[in-house]
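Subject: Structure for your files

Hello,

Here is the structure I said I would pass on. My notes on it follow below.

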Amino acid sequence: MVCPILSEEDISLDLATKGKQSALTKIGIRIARRAGLDEQVVLRSLFDREDFGSTGIGRGVAIPHALLGMISSPVASLTRLAQPIDFDGPDDDPVDLIYTVLWPRSATSAFLPALSQDAGCFE
């Protein structure tokens, strides 16, 4: 099952990275370009959120996310890494599946329920 806001073009397999920062940078640039967004704004938003606390949720999955004022609908990507990386998750398991979500700041109240529903895609 693919999550509802993903299209085939939003899925990337076997991305080679050197670690968490490398993964977030590559994914952030890719998602920004696909959505026509400013790469630096997307990267800053993802890194600021990650500085607040790891978005690793355990069992090899991370869900980096950011709220953005310049979008009106959610943007997402699903990335499988070539090699698992440390993501500082709660179970200390390395991450190899990253579901990245950019959410419109205007729809903040719907963000957590939607993120919770999307997280069910990985069970």
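Arg59 sits in the loop that joins strand S2 (56-58) to strand S3 (61-62). Please keep in mind that this is a predicted model. Arg59 is not a glycine, yet its phi is positive, at about 55°. With a relative accessible area of 74%, Arg59 is exposed. A second residue of this kind is Asp92, which has a positive phi of about 60° and is not a glycine either. Asp92 belongs to the loop between strand S5 (75-85) and strand S6 (95-104), and it counts as exposed at 62% relative accessibility. Both are worth noting because most residues other than glycine have a negative phi.

As for the overall layout, the protein chain holds three helices and six strands. Read from the N terminus, the order of the elements is β-α-α-β-β-β-β-β-α. The chain has 123 residues, of which 43% count as buried. Among contacts with a separation of 6 or more, 66% are between residues 24 or more positions apart.

Next, the helix pair. Helix H1 covers residues 20-35 and helix H2 covers residues 39-52; they pack at an angle of about 140°, and their axes are 9 Å apart. The crossing of the two helices is right-handed. On the H1 side, the contact is made by Lys20, Gln21, Leu24, Thr25, Gly28, Ile29, Ile31, Ala32 and Arg33. H2 contributes Glu39, Val42, Leu43, Leu46, Phe47 and Glu50. By type, the residues of this contact are eight nonpolar, three polar and four charged.

Lys20 is part of helix H1. Is Lys20 buried or exposed? Its relative accessibility is 16%, so Lys20 counts as buried, the cut-off for buried being under 20%. The side chain of Lys20 makes a polar contact with the side chain of Glu50, at 3.0 Å. Leaving aside residues up to four places away in sequence, Lys20 touches Glu50, Ser54, Ile85, Asp86, Phe87 and Asp88.

Gly53 lies in the loop between H2 and S2 and counts as partly exposed, at 24% relative accessibility.

Arg34 is also in helix H1. At 42% relative accessibility, Arg34 counts as partly exposed. Which residues does Arg34 touch, not counting residues up to four places away in sequence? They are Ser7, Glu9 and Asp10. With Asp10 there is a polar contact from side chain to side chain, at 3.2 Å. Arg34 and Ala76 are 42 residues apart in sequence, and their C-alpha atoms are 9.9 Å apart in space.

That is what I have for now.

Regards

Conventions: Residues numbered from 1 in each chain as written. Predicted model: local features only at pLDDT ≥ 70, side-chain atom pairs only at ≥ 80, totals over all residues. Heavy atoms only, no water. Axes fitted to C-alpha atoms, helices over the stretch in contact; angles between N-to-C directions. Helix = DSSP H or I, 4+ residues; strand = E, 2+ residues; numbered from the N terminus. Left-handed = near helix turned anticlockwise from the far one by under 90°. Contact = heavy atoms within 4.5 Å. Nonpolar A, V, L, I, M, F, W, Y, C, P; charged D, E, K, R; others polar. Buried < 20%, exposed > 50% of the residue type's maximum accessible area, 1.4 Å probe, protein only. Polar contact = N/O pair within 3.5 Å; in protein donor to acceptor, adjacent residues only side chain to side chain.
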